[in-house]
Amino acid sequence: MAKAGPFKADHVGSFLRPQRLIAARKRHIEGNLSDEGLREIEDECILEVVHKQEEVGLRAITDGEFRRTFFHIDFLQKLDGVSVTYGDFAAKFRTQDGKEVGFRPPVMHVGGKIGHTQPIQAEDYEFLQSVVERTPKVSIPAPSMLHFRGGRNAISSDTYPDLEEFYKDLTDAYRAEITDLANRGCRYLQMDDTNLAYLCDPTIRETTRSRGDDPDDLTRLYCRLVNDAIKDRPEDMVVCVHLCRGNFKSAWVAAGGYEPVAEILFNEMDIDGFFLEYDDERSGDFAPLRFVPAGKTVVLGLMTSKHAAVEPADLIKKRIDEAIRHIPLEQCALSHQCGFSSTAHGNDLTEDDQWRKLDRCIEIARDVWDYHA
């Protein structure tokens with residue numbers, strides 16, 4: 001049976017939150033809007049963003065991640081054993097002009113046994129499925145998102161004296177969630193992973209070594225976690241992984257080409273496609289794509305979600321020509337390097353900007369691959 005996706009014009013998943021959704025979430029936090037009231041407004045906004053995606057010509061349709069504050073935490077904290085604190089950890093996000101953006105993200109801890117006692121995405125997926133005419137796509141954080149930032153120190157040694165038991169419970173929980181989604185009809189799943197892209201950064205690789213972890217071993221481990229998480233998926237379920245170097249208010253964390261992880265990542269992760277950042281010099285050149293085996297798709301994130309300017313079509317086509325010196329054109333597709341709003345804060349552009357940029361992405365895909373919705 002043929003698999004649906006990745007499509008020649010695709011996208012990572014998140015969209016800028018409409019102002020009325022931002023206002024509703026604020027009222028909900030303040031106790032002035034019920035859970036039901038918030039969900040009703042979320043439903044209305046999701047219906048609108050679904051129609052916009054279909055109107056612009058996308059085939060993979062998401063809910064814009066409109067029910068989330070963070071692309072990863074909202075999902076991971078629903079696993080048994082995971083808690084979230086708002087402490088002193090500060091991430092160093094930087095903008096294109098070199099300025100630092102202050103951000104203290106929530107920090108996850110594993111204090112008890114990881115478990116999956118109830119579905120996480122079920123209700124959200126079923127609503128999305130009920131309102132789309134094309135392929136509903138679900139994005140969830142990769143399993144490594146519960147390990148890399150805190151490492152051993154964020155995982156209770158009383159509960160998990162042996163980290164292999166933690167990895168087993170984590171991937172068991174993911175398998176249960178993915179099986180539930182598959183049973184509800186989901187056939188296009190994306191896992192979002194910042195850690196593998198961070199391990200491309202020489203400074204972060206050195207920091208990782210200094211805490212006692214080997215970056216290559218972690219790359220292999222994170223491939224294994226994904227493989228274990230998806231091993232029960234149906235044959236016709238597409239699974240992709242999106243690699244990200246940080247995406248918060250148009251700022252970023254890591255820099256460095258894919259060479260340090262490429263051979264391991266592309267050959268040992270048993271998935272259908274990779275969404276790769278390639279929107280500026282931070283991502284390096286295309287030479288690492290020589291390691292991508294036949295049968296896997298690379299969605300080239302040549303356009304940027306961080307800034308409003310719409311990329312010239314000729315420039316993107318030239319970059320595609322550079323990429324296919326290392327990988328066949330038929331194994332490539334096009335997207336922006338990341339979502340427009342990985343957190344509810346959103347990037348530095350307008351809703352109109354994001355649709356113009358997606359329109360250009362689809363225009364280019366039509367010219368290059370004869371893409372059609």
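**Legends to the close-up views**

**View 1. Tyr160 is a buried residue, with a relative accessible area of 0%.** The structure shown in this and the following views is a predicted model. The value for Phe166 is also 0%, so Phe166 is buried as well, given that buried means under 20% relative accessible area. The rings of these residues return at the end of the next legend.

**View 2. Aromatic rings form pairs in the model, one of them being Phe75 with Tyr174.** A pair of aromatic rings is described by the distance of the centres and the angle of the planes. Rings are paired if their centres lie within 6.5 Å, and by this rule there are nine aromatic pairs. In the pair of Phe75 and Tyr174, the centres are 5.7 Å apart and the planes make an angle of 50°, an arrangement classed as tilted. Phe75 belongs to helix H3 (residues 73-76) and Tyr174 to helix H5 (residues 163-183), so this pair ties together parts that are 99 residues apart in sequence. Phe75 is buried, at 2% relative accessibility, and Tyr174 is buried too, at 1%. Tyr160 and Phe166 provide an edge-to-face pair, because their ring centres are 5.6 Å apart and their planes stand at 70°; the edge-to-face class requires an angle over 60 degrees.

**View 3. Further aromatic residues take part in a cluster and in a contact with a charged side chain.** Phe15, Phe340 and Trp355 together make up one aromatic cluster. Elsewhere, Arg67 is placed over the face of Phe127, 5.3 Å from the centre of the ring.

**View 4. Helix H8 (residues 215-230) and helix H9 (residues 259-268) cross at roughly 20°.** Their axes come within 10 Å. Because angles under 35 degrees count as roughly parallel, H8 and H9 are described as roughly parallel to each other. The crossing of H8 and H9 is right-handed. On the H8 side, the contact is made by Asp216, Thr219, Arg220, Cys223 and Asn227, and on the H9 side by Pro260, Val261, Ile264, Leu265 and Glu268.

**View 5. Helix H1 and helix H2 (residues 35-56) cross at roughly 165°.** The axes of H1 and H2 come within 10 Å. An angle over 145 degrees counts as roughly antiparallel, and H1 and H2 are therefore roughly antiparallel to each other. H1 and H2 have a left-handed crossing. Arg20, Leu21, Ala24, Arg25 and His28 are the residues of H1 in this contact, and they meet Asp35, Leu38, Ile41, Glu42, Glu44, Cys45 and Glu48 of H2.

View 6. Cys45 is buried, at 1% relative accessibility. Its C-alpha atom is 7.1 Å from that of Leu21, although Cys45 and Leu21 are 24 residues apart in sequence.

**View 7. His11 lies in the segment before helix H1 (19-29).** With a relative accessibility of 4%, His11 counts as buried. Its C-alpha atom is separated by 8.7 Å from that of Ile61, a residue 50 places away along the chain. When residues up to four places away in sequence are not counted, His11 touches Gln53, Leu58, Ala60, Thr62, Lys137, Gln190, Phe275, Ser335 and Leu358.

Definitions and conventions: Residues are numbered from 1 along each chain as its sequence is written. This is a predicted model: local features need pLDDT of at least 70, side-chain atom pairs count only at pLDDT 80 or more; totals for chains, interfaces and linings use all residues. Side-chain values use heavy atoms; hydrogens and water are left out. Rings of Phe, Tyr and Trp (its six-membered ring) pair if their centres lie within 6.5 Å; planes under 30 degrees apart count as stacked, over 60 as edge-to-face and the rest as tilted. Helices (H or I, at least four residues) and strands (E, at least two) are DSSP runs, numbered from the N terminus. Buried means under 20% relative accessible area, exposed over 50%, partly exposed in between (1.4 Å probe, protein chains only). A charge sits over a ring if NZ of Lys or CZ of Arg is within 6 Å of the ring centre and within 35 degrees of the ring normal. Axes are lines fitted to C-alpha atoms, for helices over the stretch in contact, and angles run from 0 to 180 degrees between N-to-C directions. Angles under 35 degrees count as roughly parallel, over 145 as roughly antiparallel, 65 to 115 as roughly perpendicular and the rest as oblique. A crossing is left-handed if the near helix is turned anticlockwise from the far one by less than a right angle, and right-handed if clockwise. Contact means heavy atoms within 4.5 Å.
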